[in-house]
Amino acid sequence: MTGAAQRVLKNGSALIFVLLALAGIVFVRSFASLENAAIIARQAAIPAIAVLGMTMVLMTGGIDLSLGFVVGLASTATGFMAKVWGFPVGVTVAATVLLGSLVGLLNGAVVQYMKVPAFITTLGTGYILYGVSQLMSAGNVITRLPPSLLAVGRTELLGLPTSVFIAVGMAGLAWFFIHRSVFGRALSAFGFNARAASLSGLRTARVNVLTYVLCSSLAALAGLLLTIRVNAAQPNMGGGAFTFEIVTAAIVGGTSLFGGIGSVIGSIFGVLIIKIIENCINLLNVSYHLYLAVQGGIILAVIVMDRLRSRAT
Amino acid sequence: MVPVLGVAAFAAVGLPIPHFLTAGNLLNVIRQSSIIGICSVGMTMVIVILGIDLSIAGLIALCPMVSGLLMLHGVPITASILTGIATGIGLGLFNGVMVSKLDVPPFITTLVVGQVAQGLALIMNNGRSIGGFPAAYVNIGNGMLLGIPISDYLMVVMMGIGIVIMQFTPTGNRIYALGGNETVVRQEGINVDRLKLFVYAFCGFCAAVAGILLSAQLDTVHPIQGDPYQLDTIAACVIGGVSLAGGEGRVALAIVGTLVIGSVRNVLDLLGVHPFFQNVLVGAIIILVVFASGVSRQRRAARA
């Protein structure tokens with residue numbers, strides 16, 4: 001058994017996922033159907049893309065609290081490019097992701113070279129990005145986007161939209177990047193002990209900055225696909241609640257709070273877990289506001305269990 | 001150093017702007033700053049011990065929601081307020097337990113607790129705001145005493161409590177020592193866990209008082225009303241010279257930082273600058289100030 005698989009089993013997110021799915025099948029009407037499974041896959045696709053970057057950032061021992069606001073910025077920018085300025089689809093997609101990388105470059109540079117703690121940097125840039133998106137949109141929501149753009153995320157293959165396949169592709173790439181490449185090794189080493197990694201000759205500055213670039217680029221891609229899914233571009237897409245959802249998924253998926261350890265498969269299970277819960281809350285027709293509190297409860301439970309276990313050993 | 005620059009900038013910017021340096025407007029700035037000011041008292045202590053409290057936005061929503069709902073159901077005002085404050089202290093204590101007993105990084109636990117508080121504030125009244133509180137309650141936020149808003153007195157009282165704890169009690173000494181070097185403090189035989197519990201609980205207490213005051217000022221509790229205060233509070237502290245490297249920072253200077261932020265927003269309001277643009281500015285200011293204080297710390301370390 002590979003290390004990654006062992007970690008997933010040990011962390012238990014796969015087990016929680018199976019138990020939750022079983023509970024859903026037994027207790028929630030119309031949960032166990034192919035259509036509903038497709039709905040969950042559809043809803044999990046976008047956070048699954050975003051969680052890949054957050055996992056890497058958490059592995060460095062940092063955090064990206066601006067993630068949800070990158071989603072809002074990407075959404076606003078996508079709307080402008082596709083509808084107002086009439087850019088071709090390819091350019092819109094590329095420019096949106098590039099915009100994300102620039103934000104990530106800013107975050108990474110401030111954290112690495114200006115030595116500002118990650119949570120302060122990204123809290124600050126989050127405010128800045130939200131303000132910029134709001135000023136840009138001037139309170140307007142851009143709807144009815146060009147069909148050519150919508151096709152990027154909505155084209156159906158085997159009953160699933162392309163966004164699901166994009167998510168699977170990204171997860172595959174991230175898995176290779178984190179668990180099978182030199183970059184992943186460096187990321188892990190940096191997260192465990194930045195000084196030791198640097199002394200042993202790793203280009204830690206580059207690794208750290210690149211991690212934020214990847215995180216914001218993936219967040220921008222998630223923002224693009226979210227805009228396509230709801231067919232509306234506006235700054236309020238994403239936001240603090242989305243950031244929290246992503247942090248929750250990563251930590252429930254076994255990413256260490258102290259850096260160094262993280263797993264793509266675990267984080268994807270983390271997303272599936274919270275999306276199954278959201279799905280059940282919807283199907284049971286209880287107040288949607290419950291979702292935030294339940295998410296919080298789950299992440300707390302996972303953190304407490306994890307800490308108690310690490311104390312025991 | 002930073003606060004002195006702040007006050008200089010304050011005067012330089014304020015002089016050319018009509019209506020800024022008038023007694024009425026300055027009292028207004030102080031009244032509008034009272035929420036952030038009260039939060040910054042607790043936040044200062046938390047940052048001094050190398051922590052951070054990202055849960056205050058949630059608490060500013062949840063605590064008055066608890067008080068408000070109780071009041072609207074006929075519970076006496078004092079009992080309602082005390083319950084709201086107890087909620088804040090309780091969640092603050094929970095933050096403290098997570099940080100001290102379980103060694104969870106402060107930014108993670110307070111982020112989560114803040115979201116749980118936010119979620120509860122939304123659930124309690126199904127996402128709707130409440131309002132129409134008793135006159136005596138609204139008076140706390142809008143009344144005047146000797147021509148000065150009651151909110152200002154409340155901020156001064158909270159600041160006073162903070163200053164007394166930090167500068168004049170053994171607890172304050174230990175808090176500074178803990179931020180300077182935890183290992184040494186532990187070796188001195190001081191109960192570090194209890195100290196952390198106290199600091200986080202006190203920060204929860206401050207957030208609860210601030211939230212309740214805000215709801216009294218507006219005669220409303222909106223379930224997401226805390227959002228704007230989170231970053232401004234941290235900004236106020238770092239502008240006031242509270243070091244994110246721990247061990248140093250004064251409550252009084254954090255209040256000066258609060259007034260700087262309040263004045264900046266007030267000046268921008270008077271100049272007709274959009275609030276969204278103000279957020280862009282505050283976000284940039286906080287990053288630059290933390291950067292600058294890091295550089296000056298390194299210089300001092302290099303000299304020493």
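Is A:Gly296 buried or exposed? I looked this up first, bearing in mind that the model is predicted. A:Gly296 has 23 C-beta neighbours inside 10 Å, and 20 or more is enough to count, so I put it down as buried.

Next I checked where A:Gly296 sits. It belongs to helix 14 of chain A, which covers residues 290–312. A:Gly296 is in contact with B:Val112, B:Gln115, B:Val116 and B:Gly119. I also noted the spacing to A:Glu245: 51 residues apart in sequence, but 9.1 Å from C-alpha to C-alpha.

Those chain B contacts sent me to the interface. I found 34 residues of chain A in contact with 33 residues of chain B. On the chain A side, helix 6 (118–137), helix 12 (239–252) and helix 14 are the elements that give two or more residues. Helix 6 of chain A gives the most, with 13 residues. By class, I got 23 nonpolar, nine polar and two charged residues on that side.

Last entry: a helix pair within chain A. The axes of helix 4 (residues 67–84) and helix 5 (residues 89–113) come within 10 Å and cross at roughly 150°. Angles over 145 degrees count as roughly antiparallel, so that is how I logged helix 4 and helix 5 of chain A. The crossing is right-handed. Among the residues making the contact I jotted down A:Leu73, A:Ala77 and A:Met81 from helix 4, and A:Ala95, A:Leu99 and A:Val103 from helix 5. The class count for this contact is nine nonpolar, four polar and no charged residues.

Terms used:
Residues numbered from 1 in each chain as written. Chains lettered and ligands numbered in written order. Predicted model: local features only at pLDDT ≥ 70, side-chain atom pairs only at ≥ 80, totals over all residues. Helix = DSSP H or I, 4+ residues; strand = E, 2+ residues; numbered from the N terminus. Buried ≥ 20, exposed ≤ 12 C-beta atoms within 10 Å, placed from the backbone. Contact = placed C-beta atoms within 7 Å. Axes fitted to C-alpha atoms, helices over the stretch in contact; angles between N-to-C directions. Parallel < 35°, antiparallel > 145°, perpendicular 65-115°, else oblique. Left-handed = near helix turned anticlockwise from the far one by under 90°. Nonpolar A, V, L, I, M, F, W, Y, C, P; charged D, E, K, R; others polar. Lists of a residue's contacts leave out its neighbours within four places in sequence.
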